[in-house]
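Hi,

Here is the structure I said I would pass on. Have a look at it first, and then read my notes below.

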Amino acid sequence: VRLPQLATEVAACTKCGLSTTRTQTVFARGNPEARLCFVGEAPGADEDAQGLPFVGRAGQLLDKMIGAMGLDPAKDVYVCNILKCRPPGNRRPEPEEMAACFPYLNEQLALVRPRVIVALGNTAVAALLETKLGITKLRGQWKLYRSVLVMPTYHPSYLLRPSPQQIEAKRHAWEDLQL
Ligand code: URA
């Protein structure tokens, strides 16, 4: 299986109920030859409309973070999600949806073969690392997914949300990306 073939297969998927509410599937953006891969949670409204991951407000912040790393979002990274379809109203993914969709990500990552994966937020960490520990516990520590290095850090949507911890969370996320 090659990536375009896998993307075509995903586009026709009806393995969970999200297939009835999506506008289109959202597979990936960036460079499939990149050594660095970012994995998020699921498409939002903008992603569902455009068919590309991280093109809304969180995506703009993600690209800013990638740029601050001295990398080009189009050339130096590959970006995808745990879920390929938007959960209605941007609710958290259900365990059944994650279980149905995760085999696609496994295949996708086996084809891209990144050297390092950045897991963005709780959903990505739960799926990739098979853990119930939260992102606050895990962030900044190297982990392994199928022998590939994983750096867990905060989801850019969390960093955009005003909170008493917002400044510190942004500093932590930047430290994690520097690792
Ligand atoms: N949030 C995500 O986790 N993924 C996207 O593609 C967009 C927003």
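Before the notes, one convention on residue classes: Ala, Val, Leu, Ile, Met, Phe, Trp, Tyr, Cys and Pro go down as nonpolar, Asp, Glu, Lys and Arg as charged, and everything else, Gly among them, as polar. Please also keep in mind that this is a predicted model.

How many cavities of 30 Å³ or more does the structure hold? The count is 1. The largest cavity comes out at about 100 Å³ in volume. It has 14 lining residues, and those closest to its centre are Cys13, Cys16, Lys84, Cys85 and Cys101. By class, that lining splits into 9 nonpolar, 1 polar and 4 charged residues. Helix H4 (95–112) is the biggest contributor to the cavity lining, giving 4 residues.

In helix H1 (residues 3–11), the buried residues are Leu3, Leu6 and Val10. Looking down the axis of H1, you will find these within an arc of 60 degrees, so they line one face of the helix. What lies over them? The cover for the buried residues of H1 includes H4 along with strand S3 (77–81).

Now the open space. The largest pocket holds about 680 Å³. Its lining runs to 29 residues, with Glu41, Ala58, His155, Ser157 and Arg161 lying nearest the centre. Which elements give two or more residues to that lining? They are helices H2 (45–50), H3 (57–68), H5 (121–129), H6 (135–138) and H7 (156–160). Sorted by class, the pocket lining has 11 nonpolar, 11 polar and 7 charged residues.

Thr123 sits in helix H5. Is it buried or exposed? Its relative accessible area is 7%, so Thr123 is buried. Its side chain makes a polar contact of 3.4 Å with the side chain of Arg92. Skipping neighbours within four places in sequence, Thr123 has contacts with Glu41, Ile82, Arg92, Pro93 and Met98.

Asp176 belongs to helix H8 (residues 166–178). The side chains of Asp176 and Thr153 are joined by a polar contact of 2.6 Å. If you leave out residues up to four places away in sequence, Asp176 touches Arg139, Gly140, Met151 and Pro152 as well as Thr153.

Pro53 is in a loop, the one between H2 and H3. Its relative accessibility is 0%, so Pro53 is buried too. With residues up to four places away in sequence set aside, Pro53 touches Val26, Ala28, Arg29, Glu47, Val79, Cys80 and Asn81. How far apart in space are Pro53 and Met65, C-alpha to C-alpha? The distance is 16 Å, for a separation of 12 residues in sequence.

That's what I have so far.

Cheers

Technical notes. Residues are numbered from 1 along each chain as its sequence is written. This is a predicted model: local features need pLDDT of at least 70, side-chain atom pairs count only at pLDDT 80 or more; totals for chains, interfaces and linings use all residues. Side-chain values use heavy atoms; hydrogens and water are left out. Buried means under 20% relative accessible area, exposed over 50%, partly exposed in between (1.4 Å probe, protein chains only). The arc is that of the directions from the helix axis to the C-beta atoms. Contact means heavy atoms within 4.5 Å. On a 1 Å grid over the protein atoms alone, a cavity is a set of points where a 1.4 Å probe fits but cannot get out, and a pocket is an open set with protein on both sides within 12 Å along at least five of seven lines; lining residues have an atom within 4 Å of a point. Grid points are joined across faces, edges and corners, and a volume is the space filled by probe spheres set on the points. A polar contact is a pair of N or O atoms within 3.5 Å; within protein, one must be able to donate a hydrogen and the other to accept it, and residues adjacent in sequence count only if both atoms are side-chain atoms.
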